[in-house]
Amino acid sequence: MRVLLLVSAFNGLSQRTWCALREAGHDVGVLIATSAQDIIDGVAAAQPELILCPFLTHRVPAQVWRQCRTVIIHPGPVGDRGPSSLDWAIAEGTPSWGVTALQAVEEMDAGPVWATRTFPMPAAPRKSSLYNGPVADAALECVFEVLAKAADPAFRPVPATELTIEVQGARPRPAMRQADRAFDWSQPGEQILRRIRAADGSPGVRTTVAGLEVFAYDAHPGLARGARPGTVLSRRQGAVLVATGDGSLWLGQLRDATRPDQVKLPATTLLGKRLHGVPDSPLPPGTEPEGPSYRQVRYRRTGPVGWLAFDFYNGAMSTGHCRRLLAGLRYAAAQDTRVLVLRSGTDAFSNGIHLAAVDAAADPAAAAWANIKAVNAVCREIISCTGQVVVAGYAGSAGAGGVMLGLGADIVAARRGTVLNPYYDIGLYGSELHTFTLPRRVGAETAQRLIDAKLPVGADQAAALGLVDEVGPRHPEAYAEWLTALATRQADPRSARRRQSAKAKRLAAERVPLDVYEARELAEMSSDMFGDRSGFAAARRAFLSKARPVATPARLLPGARTEPAAARPRQLNRPRVTAENPADAPVRVRSAVPLSA
């Protein structure tokens, strides 16, 4: 079927829908809603058989929905209406929630129903976790039911008034305001946790921390009790611990409420000198406190398998994050195990360097340079580990350099439903030793197409390409069990020794050392970071400020070539990715730093 995705942004759910429909054989294009007239013109040019809206905050023009079947994917069950569906559900602790596919009509969220799904609500989830997890899973099921029904000429959607409202709390709701989200630090921690998590991602909850008016995000239960509510008790790995009425909460991210242009940052970065005298509470590698605790990198061992888990907010990896992960990797590699599993959280595997931390630095170029070198150190540690079989568990989606982060592992194991989106249009050439790892996985020609196309790839397609080796179940708990079974199989003494020996021989046989690959990548990156040759500064700020797109990228439009030919001109004068004799390949590398510098 010829399907057009009409979206306000090509976000995670939109990318996942795009990948799934293409893998199912549909002809899929994307139109980003920039104005009513652009929507009308774009639909007229695309001539779709069906319009799907997995993420749309704009109103669909009547001229469009009256002429073409248009179905909105609403993140709420039958009976729910309004722009803050997930916020209300999380804040009120609703036991179950759902997703509904509605036909577009004049009144928003009021059209007849094409499909609906319900699911049990996780306990106090972050809004982004809920959206990218159960909501996205239910949305994809609705999408495919809509496609099946759209192929049936006799099908008619059912008016919502004729359906039974099965979910508690499903009703029309207004947009949630800051007054609805407000809390006092003397309230129980569980109540505050829900309110912050209901606003996570956007817009955050306004409060005061260390005397500064901020918007709070990324809240986690703490262990400390008995302190005066609102007191900042300690700090750890960029987060601060704040006392509540009956305990404490860690806050990982804050945004300065007094500066409208400010983006969210690690809490300790934003508060800075206001934390003078607040003690640090480090956790040495390999130690785990009793009960819940804020920790971004954790290690545990189960027999011959070592598990290094990491979970960075939104997958952004600052220089400090990378150094912590590198320390964890080195600790894990020194343990007497046969398998090392590097496993992400389910929200994201990695999205590369921390653009917000870079932009907030006094010298963004120098900060970006330090950040990419720290990421590369992690990549190098993964590639060069020969004492254990390394398994990279992509439990969440990955973007930009984060896709490349784990490709040096012996086995890359992705969760079904995750999306890999190599290198956005952010004005950077890219590093992460991808010129070494990527062609060895997929071949030089496919590697170049992936780099040039800058398009998302679903887990199953990634496996077909060789980008990943194994694809596990979609549900997080089932994936965890599957990954455990995979790691246990790899821990067989004989096969583990054989694999480790083969990897050591391959690395020893490489004529060109890793340093050469990294040096060539960093030469290109230096031109982007210090010379801004491809607009990294402006692209970074547009990304962080969530600037509205002015047009749909040509590569996403209906009829666009989604697999560019190898001969297509390459962006950024990118040297061709090659696995054989890369040092001898002709490469045009621009001056690393402008001569005027």
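A residue is called buried under 20% relative accessible area, exposed over 50% and partly exposed in between (1.4 Å probe, protein chains only). The model is predicted: local features need pLDDT of at least 70 and side-chain atom pairs pLDDT 80 or more, while totals for chains, interfaces and linings use all residues. Residues are numbered from 1 along each chain as its sequence is written, and side-chain values use heavy atoms, with hydrogens and water left out.

**Exercise 1.** Classify the ring pair of Phe310 and Phe349 and state which parts of the chain the pair ties together.

Solution. Rings of Phe, Tyr and Trp (its six-membered ring) pair if their centres lie within 6.5 Å; planes under 30 degrees apart are stacked, over 60 edge-to-face, and the rest tilted.
- The ring centres of Phe310 and Phe349 are 5.3 Å apart and the planes stand at 75°, so this pair is edge-to-face.
- Phe310 belongs to strand β14 (residues 305–310) and Phe349 to the loop between β15 (339–344) and α10 (355–360), so the pair joins parts 39 residues apart in sequence. Helices (H or I, at least four residues) and strands (E, at least two) are DSSP runs, numbered from the N terminus.
- Phe310 has a relative accessible area of 2% and is buried; Phe349, with 2%, is buried.
- Phe310 and Phe349 also form one aromatic cluster with Phe312 and Tyr394.

**Exercise 2.** Classify the pair of Phe436 and Tyr517 and locate both residues.

Solution.
- With centres 5.2 Å apart and planes at 80°, the rings of Phe436 and Tyr517 make an edge-to-face pair.
- Phe436 is in helix α13 and Tyr517 in helix α18 (residues 514–529), so distant parts of the chain, 81 residues apart, are linked.
- Both Phe436 and Tyr517 are buried.

**Exercise 3.** Determine how many residues of helix α14 are buried and what they pack against.

Solution.
- Helix α14 spans residues 444–453, and seven of its 10 residues are buried.
- Among them are Thr446, Leu450 and Ile451.
- The buried residues of α14 pack against α12 (401–405), α13 (434–442), β20 (457–458) and α15 (459–465).
- Lys454 follows α14 and has a positive phi, near 55°.

**Exercise 4.** Describe the surroundings of Ile73.

Solution. Contact means heavy atoms within 4.5 Å.
- Ile73 lies in strand β4 (residues 70–74).
- Its relative accessibility is 8%, so Ile73 counts as buried.
- Beyond its neighbours within four places in sequence, Ile73 contacts Cys53, Pro54, Val99, Thr100, Ala101, Ala139 and Val143.
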